[in-house]
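Below is a set of questions and answers for a reader who is new to this structure. The sequence and the model come before them.

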Amino acid sequence: MSRKSPIPKMPWAADHQWQFKPYPLFVICIAMALMGIGDGLLVLANLGATPWTIFAQGVALQTGLSIGVVIAIVSLIVLLLWIPLKLRIGLGTLLNVFIIALFIDLTVNYIPAPSGTMARIFLMIFAIVLFGISTTFYLSCQLGAGPRDGLMVGVCLKYGWKVGIVRTTIEATVGILGLLLGGTLGISTIAFALGVGWIIQFTAMAFQRFGNQTSGKI
């Protein structure tokens, strides 16, 4: 069993999860804003929602609840799964909810949606890459994770598994469950499920190399 974090500690990392230090706060806010933009661009590409949204859609269809309510309930349940993983809520957990949602809305409302198929595919790929890289940046701030990212980190910490494998398994599982419950699968759903975890892992590996090179210099 490994307790080594899958996301390396970077020069901008906070000393603890509730530290109001300018540098890590600046990085995490920018990273989460970019995550929200990436999520919003994925919506604009209109090639399918993320696996967690598909899952929420399926549960909503089966229960009669709104997707928003289902997302809130699912987030709470995922937070409960943190307990056996010995994770704690941090400042980043709270910021995750507000900043990402704000920039999703801003992106969807103020950026025009592409019309051509190739433009939509390009936007989908760019959005997934942006989301994955930004996720690694915000997690590297060590201020706590959002519910789903925390689940990924917690499983990696507990079992020592690779981020790519863990995140892909989680995304694929909820996507399949959502489909079975009646959610609508799209190209973006599959691309996100299979790609975002590996983007996070490769970015974390790049961070590790950067951290080794700059150790003691910042």
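Buried means under 20% relative accessible area, exposed means over 50%, and partly exposed is in between (1.4 Å probe, protein chains only). This is a predicted model, in which local features need pLDDT of at least 70 and side-chain atom pairs count only at pLDDT 80 or more, while totals for chains, interfaces and linings use all residues. Residues are numbered from 1 along each chain as its sequence is written, and side-chain values use heavy atoms, with hydrogens and water left out.

Q: Is Gln142 buried, exposed or partly exposed?
A: Gln142 is placed in the loop between helix H5 (117-139) and H6; helices are DSSP runs (H or I, at least four residues) numbered from the N terminus. Its phi is near 60°, a positive value in a residue other than glycine. With a relative accessibility of 26%, Gln142 counts as partly exposed.

Q: What is the relative accessibility of Asn46?
A: Most residues other than glycine have a negative phi. Asn46, in the loop between helix H1 (22-45) and H2, has a positive phi, near 55°. Asn46 counts as exposed because its relative accessibility is 56%.

Q: How far apart are the end C-alpha atoms of helix H2?
A: The expected span of a helix is 1.5 Å times one less than its number of residues. Helix H2 (residues 51-63) has 13 residues, so it should span 18 Å. The end C-alpha atoms agree with this, at a distance of 18 Å.

Q: Which residue follows H2?
A: Within H2, the buried residues include Pro51, Trp52, Ile54 and Phe55. After H2 comes a residue with a positive phi, near 85°, and this residue is Gly64.

Q: Which residue has a backbone oxygen 2.7 Å from a polar atom of the side chain of Thr189?
A: Thr189 lies in helix H8 (residues 187-214) and is buried, with a relative accessible area of 2%. Leaving aside neighbours within four places in sequence, its contacts (heavy atoms within 4.5 Å) are Gly48, Ala49, Thr50, Pro51 and Ile54. The backbone oxygen at 2.7 Å belongs to Ala49.

Q: Which residues does Gly182 touch, not counting residues up to four places away in sequence?
A: Gly182 is in the loop between helix H7 (163-180) and H8. At 39% relative accessibility, Gly182 is partly exposed. Not counting residues up to four places away in sequence, Gly182 touches Gly58 and Leu61.

Q: Are Glu171 and Arg167 buried or exposed?
A: Glu171 and Arg167 both lie in helix H7, four residues apart, about one turn of the helix. An α-helix has 3.6 residues a turn, so residues three or four places apart point the same way. Both Glu171 and Arg167 are buried.

Conventions
Helix = DSSP H or I, 4+ residues; strand = E, 2+ residues; numbered from the N terminus. Polar contact = N/O pair within 3.5 Å; in protein donor to acceptor, adjacent residues only side chain to side chain.
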